[in-house]
Amino acid sequence: MHETTPQVFLLARPSIDFEGMRGYLQAVGGESWLDLREGEQEGPSAGELLLEFGGRACYRSWEPGLNPNVSRIRTDRREYFANILRSGHGSVLEHANYSFALRNVSRVFTHELVRHRAGSAFSQESLRYVRLTDIGFRVPPALEPVREQVLSIVEQLEEFQVSAAKELGIDSDGVPFHVKKEVTSALRPRTHARCAT
């Protein structure tokens, strides 16, 4: 028997594929955010850029106008990260993945890593925060026989969301974000057609 000392070896750290990131932003809007970050004199690390990208993807908050619920955006990175932490949206922090090799560590330690899924990161546009005026959808093959009905339902959902938002006045000046979020959450599309986000 011999006594050991835990060892940690850094194998990889976050890096950005700017072409892929820019391609995504061209598709959904928000290239100006990437231009802003690339133009900063003391730009973000790859990890910071991934964290902010993940958070902004959830809220579609790269710039005003992409999400009717977002009328202004935080441009200061530190302020943005502080807001993410205050709101308890810590899952976006998981995007800054590092890979380590661990040696001579306990099974208790490795079990805790697995249990808490360290190293996995998922961010999805939130339909609680993002109000859709144009619902992307895909009619699955099983619903092709009733395709026209599906199209009609989705069209009605779009019209309802726009008219309800107008009637409820949620785009008026001074409407708090939590009110917009509550209404947006209630307006989420619920259909068997798969909504694309």
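Me: Why does Arg-37 count as buried?

Reply: Arg-37 has a relative accessibility of 2%. Buried means under 20% relative accessible area, exposed means over 50%, and partly exposed is in between (1.4 Å probe, protein chains only). The value 2% is under 20%, so Arg-37 counts as buried. This is a predicted model: local features need pLDDT of at least 70, side-chain atom pairs count only at pLDDT 80 or more, and totals for chains, interfaces and linings use all residues. Residues are numbered from 1 along each chain as its sequence is written, and side-chain values use heavy atoms, with hydrogens and water left out.

Me: Which helix holds Arg-37?

Reply: Arg-37 sits in α2, residues 31-39. Helices are DSSP runs of H or I with at least four residues; strands are runs of E with at least two; both are numbered from the N terminus.

Me: What makes the pair Arg-37 and Glu-40 a polar contact?

Reply: Their side chains make the pair at 2.5 Å. A polar contact is a pair of N or O atoms within 3.5 Å; within protein, one must be able to donate a hydrogen and the other to accept it, and residues adjacent in sequence count only if both atoms are side-chain atoms.

Me: How do you know how α2 and α3 are oriented to each other?

Reply: Two packed helices are described by the angle between their axes and the distance between the axes. For α2 and α3 (residues 46-59), the angle is about 160° and the axes are 12 Å apart. Axes are lines fitted to C-alpha atoms, for helices over the stretch in contact, and angles run from 0 to 180 degrees between N-to-C directions. Under 35 degrees counts as roughly parallel, over 145 as roughly antiparallel, 65 to 115 as roughly perpendicular, and the rest as oblique. About 160° is over 145, so α2 and α3 are roughly antiparallel. On the α2 side, Trp-33, Leu-34 and Arg-37 make the contact; on the α3 side, Leu-49, Glu-52, Phe-53 and Arg-56 do.

Me: What is the hand of the crossing of α2 and α3?

Reply: α2 passes α3 in a right-handed crossing. A crossing is left-handed if the near helix is turned anticlockwise from the far one by less than a right angle, and right-handed if clockwise.

Me: How do you know how α1 lies against α3?

Reply: The axes of α1 (residues 18-28) and α3 come within 13 Å and cross at roughly 20°. That angle is under 35 degrees, so α1 is roughly parallel to α3. The crossing of α1 and α3 is left-handed. Phe-18, Met-21, Tyr-24 and Leu-25 of α1 meet Leu-49, Leu-50 and Phe-53 of α3.

Me: What joins the side chains of Arg-22 and Glu-31?

Reply: A polar contact of 3.2 Å joins them. Arg-22 belongs to α1. Neighbours within four places aside, Arg-22 is in contact with Glu-31, Leu-34, Asp-35 and Glu-38.

Me: Is Leu-51 buried or exposed?

Reply: Leu-51, in α3, has 12% relative accessibility, and that value is under 20%, so Leu-51 counts as buried. In sequence, Leu-51 and Val-92 are 41 residues apart, yet their C-alpha atoms are 5.6 Å apart. Beyond four places in sequence, the contacts of Leu-51 include Phe-81, Val-92 and His-95.

Me: Why is Glu-159 called partly exposed?

Reply: Glu-159, in α6 (residues 147-168), has a relative accessible area of 48%. That lies between 20% and 50%, so the name is partly exposed.

Me: Why does Asn-104 get the label partly exposed?

Reply: Its value is 30%, again between 20% and 50%, so Asn-104 is partly exposed. Asn-104 lies in the loop between β2 (99-103) and α5 (107-115). Its phi is near 60°, a positive value in a residue other than glycine.

Me: How many helices and strands does the protein have?

Reply: There are seven helices and four strands. Buried residues make up 32% of the 197 residues.

Note on methods. Contact = heavy atoms within 4.5 Å.
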